[in-house]
Amino acid sequence: MSLFSIAIHGGAGTILPQHMSADLQIAIETDLEIAVKAGHQILAQGGTAVDAVVAAVKVLEDSPHFNAGRGSVLTHQEMVEMDACIMSGENSEAGAVACVRHIKNPISLAYDVMKHSQHVLLMGDGAEEFAFEHGHIFTEQDYFFTDRRYDQLMAIKDSNLLALSEANYPDDDKHGTVGAVALDKYGNLAAATSTGGITNKKYGRVGDSPIIGAGTFAENGNVALSATGVGEYFLRKAVTADIAARMRYLNEDVHTACDAVILGELKNIGGEGGVIAVDRSGEVHFALNSTGMYRASIDRYGRLSVKIYA
């Protein structure tokens, strides 16, 4: 029997147990478990890694507990602008969207860009024009709006700062992104990432999440990766491409390569966050240089793990 596995994340950063209520922790862990099981079920039934990561990420986008889809943070203009990316390790197919405002599940739109366009990355109004041509339903901004995100924006808006964090919330300094990586029974790898970006962002800011080789990467016979953290640093270090290259050219295992970048090169320039990874044999690894990462996995032996703290 061919082995398969899946791992997901819901953001990394300074997540402290003393700031987390029992009820909130249970709610977050429940959503993580539902998401990873949604993807795993597809793999168990003979589905593809691409379909599995989309299914898992959609669960996280639909939850208000994560900075993606419904739980996205607000821009300076009090709007939601979302980014997402998917990559298939088979033939290096990829699709991504940036700065979309009216799409319930940006990861589904990224999938359609990959499958039904000649492009990799679409943004803004153009991405939404493509979305509506391909059957995506217009979603009002009210759907994404939550009181917590509005209060978070108001807390920093007057100061003209950017919040690369969950200000005034139990997981202070958590960099919100969601993602999934998977290996299917056929040996195919896939990765998907989705985010609402950073609170109080301006000028159409885009981070690492929708960028191949920065926040998302998958390559058959090697590794699938999804990152979460301060996007500007992940862009500057081309984090996921670098990890994949270390495995490809230096023959480093997934643990060594991820830790070398996340605990070394990224941390050395001030970048906080982490990656989730699954290699060609289904080995799962989480690398983080912060106190926590919302994460879950079902490994190649069917063992479920759900964790928050480092």
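A residue is called buried when its relative accessible area is under 20%, exposed when that area is over 50%, and partly exposed in between. At 1% relative accessibility, valine 261 therefore counts as buried. The model discussed here is a predicted one.

**Valine 261 and its surroundings**

Valine 261 is part of helix α9, which covers residues 254-268. Apart from neighbours within four places in sequence, valine 261 is in contact with Val239, Asp242, Ile243, Arg246, Leu266 and Lys267.

**Overall architecture**

The protein contains 9 helices and 13 strands. Its radius of gyration is 17 Å, close to the 19 Å that the globule rule gives for 310 residues, so the protein is as compact as a globular protein of that length. The C-alpha trace spans about 55 × 45 × 35 Å along its principal axes.

Of the 310 residues, 59% count as buried. Among contacts in the protein with a separation of 6 or more, 69% are accounted for by residues 24 or more positions apart. The protein exposes about 11900 Å², and carbon and sulfur atoms supply 50% of that area. As to charge, there are 24 positive and 39 negative side chains, and the centres of the two sets lie 4 Å apart.

In soluble globular proteins, nonpolar side chains tend to be buried together. In this model, the largest nonpolar core comprises 49 residues, of which Ile6, Ile8, Ile28, Leu32, Ile86, Ile107 and Tyr294 touch the most other members. Helix α2 (residues 49-62) contributes the largest share of this core, 8 residues. A second, separate core has 33 residues, including Leu189, Ala227, Val254 and Ile276.

What does isoleucine 8 touch, not counting residues up to four places away in sequence? Its partners include Leu32, Ala35, Val36, Ala56 and Leu60. Isoleucine 8 also touches Gly179, Ala180, Ile276, Phe286, Tyr294, Arg295 and Ala296.

**Helix α3, an enclosed element**

Helix α3 (residues 106-116) is largely enclosed by the rest of the structure, because 8 of its 11 residues are buried. The buried residues are Pro106, Ile107, Ser108, Leu109, Ala110, Asp112, Val113 and Met114. Which elements cover them? The cover includes the helices α2 and α4 (124-133), together with the strands β2 (82-88), β3 (94-100), β4 (121-123) and β7 (189-195).

**Individual positions compared**

| Residue | Relative accessible area | Class |
|---|---|---|
| Glycine 274 | 0% | buried |
| Alanine 238 | 32% | partly exposed |
| Lysine 37 | 42% | partly exposed |
| Tyrosine 203 | 80% | exposed |

Glycine 274 lies in strand β10 (residues 273-279). Leaving aside neighbours within four places in sequence, glycine 274 is in contact with Ala12, Ser226, Ala227, Thr228, Phe234, Ile262, Ala287, Leu288 and Met293. The C-alpha atoms of glycine 274 and threonine 228 are separated by 5.5 Å, although the two residues are 46 residues apart along the chain.

Lysine 37 lies in helix α1 (residues 22-44). Not counting residues up to four places away in sequence, lysine 37 touches Ile298 and Leu304. Its C-alpha atom is separated by 20 Å from that of tyrosine 309, which is 272 residues away along the chain.

The two remaining residues in the table concern backbone geometry. Most residues other than glycine have a negative phi. Tyrosine 203 has a positive phi of about 60 degrees although it is not a glycine, and it lies in the loop between β7 and β8 (216-219). Alanine 238, likewise not a glycine, has a positive phi of about 45 degrees. Alanine 238 is located in the loop between α7 (231-237) and α8 (239-249).

Notes
Residues numbered from 1 in each chain as written. Predicted model: local features only at pLDDT ≥ 70, side-chain atom pairs only at ≥ 80, totals over all residues. Heavy atoms only, no water. Core = buried A, V, L, I, M, F, W, Y, C linked by side-chain atoms within 4.5 Å. Buried < 20%, exposed > 50% of the residue type's maximum accessible area, 1.4 Å probe, protein only. Helix = DSSP H or I, 4+ residues; strand = E, 2+ residues; numbered from the N terminus. Contact = heavy atoms within 4.5 Å. Rg over C-alpha atoms; globule rule 2.2 N^0.38 Å. Areas by Shrake-Rupley, 256 points an atom, 1.4 Å probe, with all protein chains shown as cover. Lys, Arg positive; Asp, Glu negative; His and termini not counted. Charge placed at Lys NZ, Arg CZ, Asp CG, Glu CD.
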